[in-house]
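Trainee: I have some labels to check before I use them. Can we go through them one by one?

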Amino acid sequence: MTSPRFPDEKAATEAPDQALAELPSTPSVLRDASGAPPGADPRPLRRKGRRDRAMVTKVRGSFHQFEGTAHLDGADPAQATGQVVIKTESIDTGVEQRDQHLRTNDFLDAPQFPDITFRTTAVESKSDTDYRVTGELTIKETTKPVTIDFEYTGNAVDPYGNLRVGLEGSVTISRKEFGITWNAALEGGGVLVGDKIVLEFDISAIKQS
């Protein structure tokens, strides 16, 4: 199976520390990582989530503060590793009252549990562009194994000389498995908030020299 090749993959393979991609703590920091003006990176790294509300519509939100690293081995994807730390306080669904509720102990309990973490435990290459990443997701001190299917969307050198690698993936989890059980009954039957949450990952990683 042929793995996607970075422009200087040989050097990255011979010197693994050269393949370290660092994902800074906020989208704005990622855009400015090379001293470029804001907006220079059209694909900032994002962590998004969707959950059913009133069992009818889907609420979309993003976390704006996070940091992480990934080691990408083009010659042997199974050797890839990564970890991400997301700040729960940074949840943003576009409605401040709802965001404040999500930060309470009904949901994420941001003051008590400031971080959501994900650490890889295995990476499997499914094709030249598709990868299955297994890892440990921790929310509110509850850790569960999850498997995320990622698509490699390409690599390019940006106008500022940074080698960028794009990855997209998603996974559906049960919030109840992580101790998030709050709900409210509706007059017409059913409950206000669904159990399933879709986590979406849109990553633009910068290769570190």
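Trainee: Why does Lys-140 count as buried?

Mentor: This is a predicted model, so keep that in mind throughout. The relative accessibility of Lys-140 is 15%. Buried means under 20%. Lys-140 therefore counts as buried.

Trainee: Where is Lys-140 found?

Mentor: In the loop between β8 (130-139) and β9.

Trainee: Which loop holds Asp-109?

Mentor: Asp-109 sits in the loop between α3 (96-102) and β7. Asp-109 also has a positive phi, about 50 degrees, without being a glycine.

Trainee: Is Asp-109 buried or exposed, and how do you know?

Mentor: Buried: its relative accessibility is 15%. The cut-off is under 20%, so the label holds.

Trainee: What makes Tyr-152 buried?

Mentor: Its relative accessible area is 10%. Tyr-152 belongs to strand β9 (residues 142-157).

Trainee: What joins the side chains of Tyr-152 and Asn-155?

Mentor: A polar contact of 2.4 Å. The pair must lie within 3.5 Å, so that distance passes.

Trainee: How far is the C-alpha atom of Tyr-152 from that of Asp-130?

Mentor: They are separated by 6.2 Å. Along the chain, the two residues are 22 apart.

Trainee: How do you know that β4 and β5 pair?

Mentor: Count the bridges. Six join β4 (residues 66-71) to β5 (residues 81-87). At least two are needed, so the strands pair. They run antiparallel. Glu-67 stands opposite Val-85 in β5.

Trainee: What makes β5 and β7 a pair as well?

Mentor: Five bridges join β5 to β7 (residues 115-125). Again the threshold is at least two, so they pair. This pairing is antiparallel. Here Gln-83 has Arg-119 in β7 as its bridge partner.

Trainee: How many helices and strands does the protein chain have?

Mentor: Three helices and eleven strands. From the N terminus, the order is α-β-α-β-β-β-β-β-α-β-β-β-β-β.

Trainee: How much of the protein chain counts as buried?

Mentor: Of its 209 residues, 44%. The accessible surface comes to about 10,900 Å², and carbon and sulfur atoms account for 50% of that.

Trainee: What share of contacts joins residues 24 or more positions apart?

Mentor: 57% of the contacts with a separation of 6 or more.

Conventions: Residues numbered from 1 in each chain as written. Predicted model: local features only at pLDDT ≥ 70, side-chain atom pairs only at ≥ 80, totals over all residues. Heavy atoms only, no water. Helix = DSSP H or I, 4+ residues; strand = E, 2+ residues; numbered from the N terminus. Buried < 20%, exposed > 50% of the residue type's maximum accessible area, 1.4 Å probe, protein only. Polar contact = N/O pair within 3.5 Å; in protein donor to acceptor, adjacent residues only side chain to side chain. Contact = heavy atoms within 4.5 Å. Areas by Shrake-Rupley, 256 points an atom, 1.4 Å probe, with all protein chains shown as cover.
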